[in-house]
Amino acid sequence: MENQRMRIAVIVKHVPDSRVSVRVKADGSALEQDGLKFVCDPFDEIAVEQAVQIKASRSDVQEIVVMTVGRHAAAEALRHALAMGADRAVHVLCEDILPHEEIRAAKLCAAAIHQLAAVGRGFDLILCGVRTTDNGAGEFGPALAECLDLPHAGAITQMTLDGSRARVRCRVGASTGSIESVFDVQLPALMTCERGLIEPRHPALPKLMKAKQQSIHSMNLSESSERCDATLVKLTPPPARQSCRMIEGDASQMARELVRLLREEAKAL
Amino acid sequence: MSAILVYLEKRGDAINRASLELASLARTLSQAFGMPIHAVVIGSGVAAGAAKAAAAVGASKVFIGDAAHLADYRPRLYRRALEAAVASSGAGIVLMASTAMSRDMAPRLAVRLGAVLATDCSEVFVEQGELRVRRQQYSGKCVGLFTLPSSGVRVVTVRPNTYSIVEAGIATSIVESVPLDVAADQPTDARVVAVDNASANSESAAPQDVTEADIIVAGGRSLKSAENFAILEALAAALGGAVGATRAAVDAGYQPHARQIGLTGKTVAPRLYIACGVHGAIQHLAGMRSSRVIVAINTNKDAPIFEVATYGCVGDLFEIVPRLTQELGGGGG
């Protein structure tokens, strides 16, 4: 990439703040939206931070484009990424997309990336979170890579870039039975970011204020009617647990009684 | 007639236990939809044990991608091998254990096949003639019931420890072996350059990913140091389980990120979860509340961990845990 300038895309998602509790609508169709606070997904924040750090450490990064697929309100996640240091934002508008429709989101995002590439150069590096805290399936990243016919490295916890070659540590075991592997990836490629990669910054107020003024490029794309995700029938709160059985006595008695209960009653040993 | 294709994930020299757990589910779906069960194995040197592993999940046919270039997992290469297996098998339903590898690969496979994907399901069943799944959303704060289409290819990944291994009883006559021809990789695929077995203590104790462990002994910041986790290691060893940690313990540097359980760590559902000195922050509960049996050991009787626990001990973990290890016949204590 000596002659070409590097372009990085980061894909983010606007999700309910996972630190607060949620309620399900009476008909089980979705979460009760009242009082629900949305944020930029914490895993995607790691991806934004990684992109910003790459730009700071190299002279050849042309720009960081942050993208999202979602409702009008999802622009807030884009503004958060802009405040963190992304250069410009692209919003693929989709009002009726549901949190679990990750393959649909990947297809829309791929279509947007193709359209952007038609008028400029494509992206050399695409980053996103390994999963999002709303749906938790982590389908989006690998699905987007497949849509774009790009290689990907999943769940990265370390990354070093050398020209257009990346060496990454992935929390995806090789067949040999390890739990982490080191991969070499030739760019262009997509990578999904795992916790531990980098600590995302908290953007300062002036940066947040400035991001509010920045323009966002909105795109409306047509999609095929073909179903690519499962259909939600109903959302329910998790089943209630029986109350805890407290074990009395001194440490030895508790240990003995616990082992007995685990063996005989719970059959967990 | 379309088939049910079970992906038997190779793990070290054996087939991952979590893949073998799919046997009873495969049989249920096979009976409900009248589809035969097939299996697929990918790796290097996997041909020898393939038929036996396939028989364990009740398969009548096993597709074998066995080549030196398939030794290590590479996303596009493995996706291509599975794609070939789906085509040869005529599979309508692909079942995989929800492991780090399948989470990485299944979305690529689904896009490639134009299939519908359901990831990390905690329940898979047939209702009103439809294939339905339950899976957690919002970090376990909700459970979603989903339906999959009745035609086309459906890829379902199942959370480990959801079904018990069927020890015997599936009568399989003869497993037909079908070799898969998987071309060597495109140069642009991610290539494994090193493998990290950092958490492997010895040959016999294979590194266990907490998401696949049957039994987890977890510790919080009240362990006070990395060294003190040794008492949890001893208990885990006595139980044949893995050690996990809360975010607070990981942030304090007591344990590596890979062992973190909770919202920003891993989500687990083992048969037995022993929480030692774990307060039970909502973020931690999100990652372990669907464990079958939860034991809480904590000095604070009002700690929220007791709200999700099956059995509770109010007391000092430094006194109780070593005695527990001793009681189980392990060393120490």
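**Contact between chains A and B and the fold of chain B**

The contact between the two chains takes 73 residues from chain A and 78 residues from chain B, where two residues are in contact if their C-beta atoms, placed from the backbone, lie within 7 Å. The structure is a predicted model, in which local features need pLDDT of at least 70 and side-chain atom pairs count only at pLDDT 80 or more, whereas totals for chains, interfaces and linings use all residues. Residues are numbered from 1 along each chain as its sequence is written, while chains are lettered from A and ligands numbered from 1 in the order in which they are written.

On the side of chain A that touches chain B, at least two residues each come from helix H4 (140-147), strand S7 (152-162), strand S9 (180-186), strand S12 (231-236), strand S13 (245-247) and helix H6 (251-265) of chain A; helices (H or I, at least four residues) and strands (E, at least two) are DSSP runs, numbered from the N terminus. The most is given by H6(A), with nine residues. By residue class, this side of chain A divides into 39 nonpolar, 21 polar and 13 charged residues, with Ala, Val, Leu, Ile, Met, Phe, Trp, Tyr, Cys and Pro counted as nonpolar, Asp, Glu, Lys and Arg as charged, and the others, Gly among them, as polar.

Strand pairing also links the chains, two strands being paired if DSSP finds at least two bridges between them. S12(A) runs antiparallel to strand S10 (residues 142-148) of chain B and is joined to it by five bridges, with A:Thr231 standing opposite B:Thr147. S13(A) runs parallel to strand S18 (residues 311-314) of chain B, to which three bridges join it, and A:Ile247 has B:Cys313 as its bridge partner in S18(B). Within chain B, strand S17 (residues 293-298) pairs with S18(B) in the parallel sense over four bridges, and B:Cys313 is the bridge partner of B:Ile297.

Chain B has ten helices and 18 strands. An open sheet of seven strands in this chain has the order S7-S11-S6-S1-S4-S5-S12, with parallel pairing. Its edge strands, each pairing on one side only, are S7 (116-121) and S12 (176-179) of chain B. Neighbouring strands of the sheet are turned by 20 degrees against each other on average, direction ignored. Helix H2 (residues 23-33) of chain B packs on the sheet, touching S1, S4 (37-43), S6 and S11 (154-158) of chain B, and its direction makes about 170 degrees with that of S1(B); axes are lines fitted to C-alpha atoms, for helices over the stretch in contact, and angles run from 0 to 180 degrees between N-to-C directions. Helix H5 (residues 100-113) of chain B also packs on the sheet, where it touches S1, S6, S7 and S11 of chain B, and its direction makes about 170 degrees with that of S11(B).
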